[in-house]
Amino acid sequence: MTHTVFERTLDGFRWLDSIQPTAAELDRIAVDYALHPTSVQDCLQPEHLPKFENFDNTHFLIVRAYDQECPEDSDSVQELTRKIAIFWNSHFFITIHRSDQPFLEELRRLWTSPGARPTAEPSVPLLHDLIKRVLVSYELPLEAAAARLDEYEETVFIRQAEPRLLQELYLLKRKATVFKKVIFLTKDVLRTLTIETHQHRPLIQDLIETADRLFFLADQLLENTNTLLNMHISLASQRTNEVMRVLTLFSVFFLPLTFIVGIYGMNFDFMPELRHPLGYPIILLVMFLVVIAVFVWFRRKGWLGPGGE
(Lines give C-alpha, C1' and ligand atoms only; values in the text may rest on other atoms or scores of the structure.)
Protein backbone atom coordinates (compact mmCIF):
# COMPACT_ATOMS: atom_id res chain seq x y z
CA MET A 1 0.00 0.00 0.00
CA THR A 2 1.51 3.29 -1.08
CA HIS A 3 1.79 6.24 1.24
CA THR A 4 2.71 9.74 0.15
CA VAL A 5 3.12 12.86 2.22
CA PHE A 6 3.64 16.24 0.62
CA GLU A 7 4.69 19.06 2.92
CA ARG A 8 5.56 22.60 1.93
CA THR A 9 6.18 25.68 4.06
CA LEU A 10 5.28 29.01 2.43
CA ASP A 11 6.51 31.99 4.45
CA GLY A 12 5.53 30.36 7.73
CA PHE A 13 2.35 28.77 6.33
CA ARG A 14 2.48 24.99 6.02
CA TRP A 15 0.56 22.76 3.62
CA LEU A 16 0.55 19.06 4.46
CA ASP A 17 -0.98 16.64 1.95
CA SER A 18 -1.19 13.09 3.30
CA ILE A 19 -2.24 10.15 1.11
CA GLN A 20 -3.40 6.92 2.77
CA PRO A 21 -1.83 7.59 6.18
CA THR A 22 -1.69 4.90 8.81
CA ALA A 23 -3.52 5.21 12.14
CA ALA A 24 -0.25 6.08 13.87
CA GLU A 25 0.50 8.80 11.32
CA LEU A 26 -2.99 10.23 11.74
CA ASP A 27 -2.49 10.34 15.49
CA ARG A 28 0.82 12.12 15.04
CA ILE A 29 -0.75 14.68 12.70
CA ALA A 30 -3.57 15.23 15.20
CA VAL A 31 -1.10 15.83 18.02
CA ASP A 32 1.28 18.04 16.01
CA TYR A 33 -1.52 20.32 14.79
CA ALA A 34 -3.90 20.04 17.78
CA LEU A 35 -6.73 18.62 15.66
CA HIS A 36 -10.02 17.41 17.08
CA PRO A 37 -9.75 13.60 17.55
CA THR A 38 -13.27 12.83 16.28
CA SER A 39 -12.72 14.72 13.05
CA VAL A 40 -9.39 12.96 12.54
CA GLN A 41 -11.15 9.60 12.85
CA ASP A 42 -13.53 10.69 10.06
CA CYS A 43 -10.69 11.31 7.62
CA LEU A 44 -10.39 7.89 6.01
CA GLN A 45 -13.88 6.53 6.58
CA PRO A 46 -15.30 6.25 3.03
CA GLU A 47 -19.00 6.75 3.77
CA HIS A 48 -18.91 10.41 4.86
CA LEU A 49 -20.69 12.99 2.69
CA PRO A 50 -19.63 16.65 2.34
CA LYS A 51 -19.81 18.48 5.64
CA PHE A 52 -18.26 21.41 7.51
CA GLU A 53 -17.36 21.75 11.18
CA ASN A 54 -15.79 24.66 13.01
CA PHE A 55 -13.62 24.06 16.06
CA ASP A 56 -11.89 26.52 18.37
CA ASN A 57 -8.66 26.74 16.40
CA THR A 58 -9.36 24.80 13.18
CA HIS A 59 -11.91 24.46 10.42
CA PHE A 60 -12.76 20.96 9.19
CA LEU A 61 -14.27 20.25 5.78
CA ILE A 62 -15.06 17.09 3.81
CA VAL A 63 -15.57 17.27 0.05
CA ARG A 64 -16.02 14.53 -2.53
CA ALA A 65 -14.48 14.69 -6.01
CA TYR A 66 -15.36 12.54 -9.00
CA ASP A 67 -13.01 9.59 -9.39
CA GLN A 68 -11.74 9.39 -12.96
CA GLU A 69 -10.61 5.79 -12.37
CA CYS A 70 -13.99 4.49 -11.20
CA PRO A 71 -15.43 1.47 -13.09
CA GLU A 72 -18.03 2.09 -15.77
CA ASP A 73 -20.77 0.37 -13.79
CA SER A 74 -20.21 2.43 -10.62
CA ASP A 75 -23.47 3.84 -9.27
CA SER A 76 -22.94 4.81 -5.60
CA VAL A 77 -21.34 7.73 -3.81
CA GLN A 78 -18.45 5.60 -2.55
CA GLU A 79 -17.78 4.11 -6.01
CA LEU A 80 -18.11 7.29 -8.08
CA THR A 81 -16.37 9.77 -5.79
CA ARG A 82 -13.34 10.07 -3.55
CA LYS A 83 -13.33 11.88 -0.23
CA ILE A 84 -10.88 14.62 0.72
CA ALA A 85 -10.67 15.74 4.35
CA ILE A 86 -9.37 19.28 4.90
CA PHE A 87 -8.16 20.99 8.10
CA TRP A 88 -7.08 24.61 7.97
CA ASN A 89 -6.48 27.81 9.87
CA SER A 90 -4.27 30.84 9.33
CA HIS A 91 -1.08 28.79 9.95
CA PHE A 92 -1.58 25.47 8.15
CA PHE A 93 -3.59 23.62 5.52
CA ILE A 94 -3.91 19.83 5.80
CA THR A 95 -5.47 17.53 3.20
CA ILE A 96 -5.97 13.82 3.90
CA HIS A 97 -7.30 11.32 1.36
CA ARG A 98 -7.01 7.67 0.36
CA SER A 99 -5.88 8.07 -3.25
CA ASP A 100 -4.26 10.83 -5.25
CA GLN A 101 -6.13 12.68 -7.97
CA PRO A 102 -4.79 14.48 -11.08
CA PHE A 103 -6.19 17.83 -9.97
CA LEU A 104 -4.36 17.50 -6.64
CA GLU A 105 -1.08 16.93 -8.47
CA GLU A 106 -1.79 20.03 -10.54
CA LEU A 107 -2.62 22.03 -7.42
CA ARG A 108 0.58 20.97 -5.66
CA ARG A 109 2.61 21.88 -8.73
CA LEU A 110 0.90 25.26 -8.97
CA TRP A 111 1.42 26.19 -5.33
CA THR A 112 5.01 24.99 -5.20
CA SER A 113 6.23 26.54 -8.43
CA PRO A 114 9.12 29.00 -8.05
CA GLY A 115 6.95 31.90 -9.17
CA ALA A 116 4.17 31.21 -6.64
CA ARG A 117 3.66 34.16 -4.30
CA PRO A 118 1.25 33.24 -1.52
CA THR A 119 -0.99 35.87 0.00
CA ALA A 120 -0.74 37.00 3.61
CA GLU A 121 -3.20 34.25 4.59
CA PRO A 122 -3.17 31.63 1.82
CA SER A 123 -5.49 29.12 3.53
CA VAL A 124 -8.73 30.36 1.95
CA PRO A 125 -7.25 30.97 -1.55
CA LEU A 126 -5.78 27.47 -1.40
CA LEU A 127 -9.14 26.13 -0.21
CA HIS A 128 -10.83 27.96 -3.08
CA ASP A 129 -8.47 26.43 -5.66
CA LEU A 130 -8.97 22.95 -4.22
CA ILE A 131 -12.78 23.07 -4.03
CA LYS A 132 -12.90 24.66 -7.49
CA ARG A 133 -11.08 21.66 -8.91
CA VAL A 134 -13.28 19.28 -6.92
CA LEU A 135 -16.39 20.84 -8.47
CA VAL A 136 -14.90 21.01 -11.95
CA SER A 137 -14.13 17.28 -11.73
CA TYR A 138 -17.88 16.70 -12.28
CA GLU A 139 -18.03 18.63 -15.56
CA LEU A 140 -16.68 15.93 -17.87
CA PRO A 141 -18.76 13.06 -16.42
CA LEU A 142 -21.89 15.24 -16.61
CA GLU A 143 -21.16 16.11 -20.24
CA ALA A 144 -20.39 12.47 -21.05
CA ALA A 145 -23.62 11.36 -19.36
CA ALA A 146 -25.63 13.96 -21.31
CA ALA A 147 -24.07 12.79 -24.59
CA ARG A 148 -24.85 9.18 -23.73
CA LEU A 149 -28.42 10.14 -22.91
CA ASP A 150 -28.76 11.60 -26.43
CA GLU A 151 -27.60 8.26 -27.86
CA TYR A 152 -30.12 6.41 -25.72
CA GLU A 153 -32.86 8.78 -26.90
CA GLU A 154 -32.04 7.99 -30.53
CA THR A 155 -32.13 4.29 -29.70
CA VAL A 156 -35.53 4.59 -28.04
CA PHE A 157 -37.27 6.65 -30.72
CA ILE A 158 -35.45 5.83 -33.97
CA ARG A 159 -33.62 2.55 -33.78
CA GLN A 160 -34.80 -0.72 -32.33
CA ALA A 161 -34.37 -0.75 -28.57
CA GLU A 162 -31.54 -2.92 -27.28
CA PRO A 163 -32.22 -5.49 -24.54
CA ARG A 164 -29.78 -3.78 -22.12
CA LEU A 165 -31.14 -0.29 -22.67
CA LEU A 166 -33.40 -0.33 -19.62
CA GLN A 167 -30.51 -1.42 -17.40
CA GLU A 168 -28.20 1.25 -18.85
CA LEU A 169 -30.80 3.96 -18.38
CA TYR A 170 -31.26 2.91 -14.76
CA LEU A 171 -27.47 3.03 -14.23
CA LEU A 172 -27.37 6.52 -15.75
CA LYS A 173 -30.19 7.58 -13.46
CA ARG A 174 -28.26 6.32 -10.44
CA LYS A 175 -25.17 8.26 -11.50
CA ALA A 176 -27.17 11.45 -12.05
CA THR A 177 -28.71 11.04 -8.60
CA VAL A 178 -25.26 10.72 -7.01
CA PHE A 179 -23.95 13.78 -8.87
CA LYS A 180 -26.95 15.86 -7.86
CA LYS A 181 -26.76 14.76 -4.22
CA VAL A 182 -23.03 15.38 -3.80
CA ILE A 183 -23.10 18.76 -5.56
CA PHE A 184 -26.13 19.86 -3.54
CA LEU A 185 -24.44 18.94 -0.26
CA THR A 186 -21.26 20.69 -1.36
CA LYS A 187 -23.24 23.81 -2.21
CA ASP A 188 -24.92 23.68 1.20
CA VAL A 189 -21.50 23.40 2.87
CA LEU A 190 -20.25 26.38 0.88
CA ARG A 191 -23.14 28.52 2.09
CA THR A 192 -22.16 27.72 5.68
CA LEU A 193 -18.54 28.42 4.82
CA THR A 194 -19.50 31.88 3.55
CA ILE A 195 -20.57 32.85 7.06
CA GLU A 196 -17.33 31.59 8.59
CA THR A 197 -15.03 33.27 6.06
CA HIS A 198 -16.85 36.53 5.43
CA GLN A 199 -13.63 38.37 4.61
CA HIS A 200 -13.11 36.02 1.64
CA ARG A 201 -16.75 36.01 0.53
CA PRO A 202 -16.02 36.70 -3.18
CA LEU A 203 -13.90 33.54 -3.38
CA ILE A 204 -16.56 31.38 -1.74
CA GLN A 205 -19.29 33.05 -3.81
CA ASP A 206 -17.42 32.03 -6.95
CA LEU A 207 -17.52 28.43 -5.72
CA ILE A 208 -21.25 28.66 -4.98
CA GLU A 209 -21.91 29.92 -8.51
CA THR A 210 -19.91 27.01 -9.94
CA ALA A 211 -21.83 24.58 -7.73
CA ASP A 212 -25.14 26.14 -8.84
CA ARG A 213 -24.22 25.65 -12.48
CA LEU A 214 -23.19 22.03 -11.97
CA PHE A 215 -26.24 21.35 -9.82
CA PHE A 216 -28.45 22.64 -12.64
CA LEU A 217 -26.70 20.30 -15.11
CA ALA A 218 -27.06 17.33 -12.75
CA ASP A 219 -30.71 18.15 -12.10
CA GLN A 220 -31.42 18.42 -15.84
CA LEU A 221 -29.60 15.15 -16.46
CA LEU A 222 -31.65 13.39 -13.80
CA GLU A 223 -34.92 14.85 -15.05
CA ASN A 224 -34.18 13.98 -18.69
CA THR A 225 -33.09 10.48 -17.72
CA ASN A 226 -36.29 9.90 -15.76
CA THR A 227 -38.33 11.21 -18.69
CA LEU A 228 -36.56 8.95 -21.19
CA LEU A 229 -36.81 5.99 -18.82
CA ASN A 230 -40.56 6.48 -18.50
CA MET A 231 -40.89 6.92 -22.27
CA HIS A 232 -38.94 3.71 -22.86
CA ILE A 233 -41.21 1.81 -20.47
CA SER A 234 -44.29 3.34 -22.11
CA LEU A 235 -43.10 2.45 -25.61
CA ALA A 236 -42.27 -1.08 -24.49
CA SER A 237 -45.76 -1.38 -23.02
CA GLN A 238 -47.23 0.02 -26.23
CA ARG A 239 -45.36 -2.56 -28.31
CA THR A 240 -46.58 -5.30 -25.99
CA ASN A 241 -50.13 -4.02 -26.31
CA GLU A 242 -49.78 -3.97 -30.09
CA VAL A 243 -48.68 -7.59 -30.10
CA MET A 244 -51.57 -8.52 -27.84
CA ARG A 245 -53.99 -6.64 -30.13
CA VAL A 246 -52.81 -8.58 -33.18
CA LEU A 247 -53.07 -11.88 -31.33
CA THR A 248 -56.55 -10.95 -30.11
CA LEU A 249 -57.67 -10.08 -33.64
CA PHE A 250 -56.45 -13.42 -34.93
CA SER A 251 -58.19 -15.24 -32.10
CA VAL A 252 -61.45 -13.42 -32.89
CA PHE A 253 -61.21 -14.55 -36.53
CA PHE A 254 -60.76 -18.17 -35.51
CA LEU A 255 -63.19 -18.22 -32.58
CA PRO A 256 -66.45 -18.64 -34.62
CA LEU A 257 -64.69 -21.12 -36.92
CA THR A 258 -63.60 -23.16 -33.92
CA PHE A 259 -67.18 -23.00 -32.62
CA ILE A 260 -68.58 -24.39 -35.88
CA VAL A 261 -65.94 -27.13 -36.07
CA GLY A 262 -66.63 -28.00 -32.43
CA ILE A 263 -70.33 -28.49 -33.10
CA TYR A 264 -69.73 -30.83 -36.04
CA GLY A 265 -67.12 -32.74 -34.11
CA MET A 266 -69.55 -33.90 -31.39
CA ASN A 267 -70.59 -37.03 -33.43
CA PHE A 268 -74.33 -37.02 -32.68
CA ASP A 269 -76.41 -39.63 -34.55
CA PHE A 270 -79.01 -37.16 -35.85
CA MET A 271 -77.10 -34.41 -37.68
CA PRO A 272 -78.73 -34.21 -41.15
CA GLU A 273 -75.96 -32.00 -42.54
CA LEU A 274 -73.55 -34.90 -42.19
CA ARG A 275 -75.54 -36.97 -44.66
CA HIS A 276 -76.23 -34.14 -47.13
CA PRO A 277 -74.15 -34.40 -50.32
CA LEU A 278 -73.34 -30.62 -50.21
CA GLY A 279 -72.88 -30.45 -46.43
CA TYR A 280 -69.10 -30.07 -46.56
CA PRO A 281 -68.92 -27.23 -49.13
CA ILE A 282 -71.87 -25.46 -47.45
CA ILE A 283 -70.09 -25.43 -44.08
CA LEU A 284 -66.90 -24.19 -45.74
CA LEU A 285 -68.91 -21.39 -47.38
CA VAL A 286 -70.51 -20.48 -44.06
CA MET A 287 -67.09 -20.34 -42.40
CA PHE A 288 -65.76 -18.17 -45.21
CA LEU A 289 -68.73 -15.79 -44.91
CA VAL A 290 -68.19 -15.55 -41.14
CA VAL A 291 -64.55 -14.57 -41.70
CA ILE A 292 -65.59 -11.92 -44.26
CA ALA A 293 -68.24 -10.56 -41.88
CA VAL A 294 -65.70 -10.30 -39.03
CA PHE A 295 -63.18 -8.62 -41.34
CA VAL A 296 -65.73 -6.04 -42.57
CA TRP A 297 -66.85 -5.30 -39.03
CA PHE A 298 -63.27 -4.80 -37.82
CA ARG A 299 -62.53 -2.63 -40.83
CA ARG A 300 -65.51 -0.38 -40.15
CA LYS A 301 -64.44 -0.05 -36.51
CA GLY A 302 -60.97 0.99 -37.62
CA TRP A 303 -59.27 -1.85 -35.77
CA LEU A 304 -57.42 -3.04 -38.89
CA GLY A 305 -56.15 0.35 -40.05
CA PRO A 306 -57.52 3.49 -41.74
CA GLY A 307 -61.04 3.69 -43.02
CA GLY A 308 -62.91 3.05 -39.77
CA GLU A 309 -65.57 5.10 -38.11
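Which backbone nitrogen does the side chain of Asp 67 reach? In this predicted model, the side chain of Asp 67 reaches the backbone nitrogen of Glu 69, at 3.1 Å. Asp 67 is placed in the loop that runs between β4 (59-66) and α3 (77-80). Beyond residues up to four places away in sequence, Asp 67 touches Leu 80, Thr 81, Arg 82 and Gln 101. Asp 67 counts as buried because its relative accessibility, 7%, falls under the 20% cut-off.

The largest pocket has a volume of about 380 Å³. Its lining comprises 18 residues, of which Glu 72, Asp 73, Arg 148, Leu 171 and Lys 175 are the closest to the pocket centre. Two or more lining residues are given by each of α6 (139-157) and α7 (165-196), and the largest share, 6 residues, comes from α7. By residue class, the lining of the largest pocket divides into 11 nonpolar, 1 polar and 6 charged residues.

The second largest pocket has a volume of about 180 Å³. The elements that give two or more residues to its lining are α4 (102-111), α5 (123-136) and α6. The lining is formed by Tyr 66, Gln 68, Pro 102, Phe 103, Arg 133, Val 136, Ser 137, Leu 140 and Pro 141. These residues divide into 6 nonpolar, 2 polar and 1 charged.

How values were computed. Residues are numbered from 1 along each chain as its sequence is written. This is a predicted model: local features need pLDDT of at least 70, side-chain atom pairs count only at pLDDT 80 or more; totals for chains, interfaces and linings use all residues. Side-chain values use heavy atoms; hydrogens and water are left out. Helices (H or I, at least four residues) and strands (E, at least two) are DSSP runs, numbered from the N terminus. Buried means under 20% relative accessible area, exposed over 50%, partly exposed in between (1.4 Å probe, protein chains only). A polar contact is a pair of N or O atoms within 3.5 Å; within protein, one must be able to donate a hydrogen and the other to accept it, and residues adjacent in sequence count only if both atoms are side-chain atoms. Contact means heavy atoms within 4.5 Å. On a 1 Å grid over the protein atoms alone, a cavity is a set of points where a 1.4 Å probe fits but cannot get out, and a pocket is an open set with protein on both sides within 12 Å along at least five of seven lines; lining residues have an atom within 4 Å of a point. Grid points are joined across faces, edges and corners, and a volume is the space filled by probe spheres set on the points. Ala, Val, Leu, Ile, Met, Phe, Trp, Tyr, Cys and Pro count as nonpolar, Asp, Glu, Lys and Arg as charged, and the others, Gly among them, as polar.
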